[in-house]
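Subject: Structure handover

Hi,

Here is the structure I promised to pass on. Please open it alongside this note; my findings follow below.

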Amino acid sequence: MRTWIAIAAAALLVTGAAGCGEAGDGASGSGGGDGGGTLTVFAAASLTEAFTSLGATFEGTRPGVRVRFNFGASSTLAQQITQGAPADVFASASPATMKTVTDAGDAAGRPQVFTRNRLVIAVPKDNPGRVAAVGDLSRPGLKVVLCAAQVPCGAAAAKALGAAKVEVEPVSREKDVKAVLTKVGLGEADAGLVYRTDVKAAGDRVTGIEFPQAAQAINDYPIVAVARAPQGALAKEFIQLVLGPQGRTVLGRAGFEAP
Amino acid sequence: MKDADRLAGRPPLVLLVPALAGLAFLVLPLAGLLVRAPWSTLGTRLMQDQVLDALRLSLVTATLATVLCLLFGVPLAWMLARVPFRGVRLVRALVTVPLVLPPVVGGVALLLVLGRRGLVGGWLDEAFGITFPFTTAGVVLAETFVAMPFLVISVEGALRAADLRYEEAAATLGAGRWTIFHRVTLPLVAPGVAAGAVLCWARALGEFGATITFAGNFPGRTQTMPLAVYLALETDPQAAIVLSLVLLAVAVIVLAALRDRWMTTS
């Protein structure tokens, strides 16, 4: 526990406050509890669009209830929860980060996989590198960006590229999948590996190219109610909504696959 | 004599208490790092090539960025302080933009101007084949962008506080503006320039957001220490502490050494 405080200090000292805005917000917020209550959902950044929409649905059917989201990197959210941040629901982009929460005894019950995501090759709209298949990514001179090996999308990329037997020398290993998308969207990189949902969310700035070996590195998204959640009952209802047909429809529209 | 005694007396509590609280606030997080550092494995962690690469890259790029800041920032500060022109207030406000802008946004802004498809970068790429993203030069540019305001503000403050009569005397003796600048003005504000350069260097050394956004992250080429720390934090928090400590130690040593030198010469 104290280790994490030290690390938070380290991060602030050395990296400045960049990117810590949301994290601070989520950690300092309190559970609410007046009227119908406020449900606090910690969710992976890739769920932003789908969960915001589901949150509105949830509020619409329960007068007085408010849903508040803390979207961020799953690993950051997991750290916040194990540090005692007042979350009711945790939806992670990877089983590994979920495990850090369950191992710490901060989950109420067993996590359930509610959706899945797969990697695609993202290229700028005009595809300057003329990338058509995963094999093109090894072409010399092609600027490819991947996620760093330390973050889930980087691990997935390594797995998928390994399955495709393609050796890629990236020009950069980005800190998260959105950073990969930025580089591709601005045309700085010729190609990058991102999740299918990211391409959907990026609109027409980038094109997604599917490749069969991505099936070897499919990402499961587990969801769980947090132990000692201030709004335990609401948390269960929200998870039901996500797992149910409505959740499946909204997630499908965002580019996710059913588990 | 009596006045000096009075000044040397006990500092008033109303100043002493907040001063010590402020000091504690700044120093305690560092103490936290020291307490939690994995001392037993420190040596082996430090000798990893990637750590040394990142440290070397950080020192080189921060120093180059400081040089760029001096080359462009000192003249800019001089212009703001000595050349009366319309809109000087606006320009002064614009200079501080990188201080206010979240560094990640600064990085995107740099991409939009100096990226491969940027306003200027597109032309550089076509005409000369020069691109900045994903290169060490890109790291230097990103650091210069966020660090330069520190130098400009510090030097401009020194210029405004400097006694104009020396420059006027030089002018009446027939010196031109350039001669006055480098023979009179610059020596006069040297401590301000030095302080600005230190701030600038420290800011460049710790730069994260603009660097990773504009230059990306690749070991040996664009992965500076703060980037290495950030990524280490994802999987190996202990390594992140070690890296942070190394960066802090190097920064403190360099700054302390320079400070001594400047203090004795000025």
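Is Arg130(A) buried or exposed? Arg130(A) is exposed: 11 other C-beta atoms lie within 10 Å, and the cut-off for exposed is 12 or fewer. Bear in mind that this is a predicted model.

Why look at Arg130(A)? Its backbone. Arg130(A) is not a glycine, yet its phi is positive, at about 45°. Most residues other than glycine have a negative phi. Arg130(A) sits in the loop that links strand 5 (119–124) to strand 6 (144–147) of chain A.

Chain A has another such case. Lys165(A) also is a residue other than glycine with a positive phi, near 55°. You will find Lys165(A) in the loop between helix 6 (152–163) and strand 7 (172–174) of chain A. Lys165(A) is exposed, with 10 other C-beta atoms within 10 Å.

Next, the domains of chain A. The assignment gives domain 1 as 2–116 + 220–253 and domain 2 as 119–217. Where the domains of chain A touch, seven residues of domain 1 are in contact with seven residues of domain 2. On the domain 1 side, the touching residues are three nonpolar, three polar and one charged.

Now chain B. Chain B has 15 helices and zero strands. Its C-alpha atoms fill a box of roughly 65 × 60 × 30 Å along the principal axes. Of the 266 residues in chain B, 38% are buried. Take the contacts in chain B with a separation of 6 or more: 76% of them join residues 24 or more positions apart.

One helix pair in chain B deserves a look. Two packed helices are described by the angle between their axes and the distance between the axes. Helix 10 (residues 164–172) and helix 11 (residues 177–188) of chain B pack at about 165°, with axes 10 Å apart. An angle over 145 degrees counts as roughly antiparallel, so helix 10 and helix 11 of chain B are roughly antiparallel to each other. Their crossing is right-handed.

Which residues meet there, between helix 10 and helix 11 of chain B? Helix 10 of chain B brings Tyr166(B), Glu167(B), Ala170(B) and Ala171(B). Helix 11 of chain B brings Ile180(B), Val184(B), Thr185(B) and Leu188(B). By class, this contact of helix 10 with helix 11 of chain B has six nonpolar, one polar and one charged residues.

Best wishes

How values were computed:
Residues numbered from 1 in each chain as written. Chains lettered and ligands numbered in written order. Predicted model: local features only at pLDDT ≥ 70, side-chain atom pairs only at ≥ 80, totals over all residues. Axes fitted to C-alpha atoms, helices over the stretch in contact; angles between N-to-C directions. Helix = DSSP H or I, 4+ residues; strand = E, 2+ residues; numbered from the N terminus. Parallel < 35°, antiparallel > 145°, perpendicular 65-115°, else oblique. Left-handed = near helix turned anticlockwise from the far one by under 90°. Contact = placed C-beta atoms within 7 Å. Nonpolar A, V, L, I, M, F, W, Y, C, P; charged D, E, K, R; others polar. Domains from an automatic or database assignment. Buried ≥ 20, exposed ≤ 12 C-beta atoms within 10 Å, placed from the backbone.
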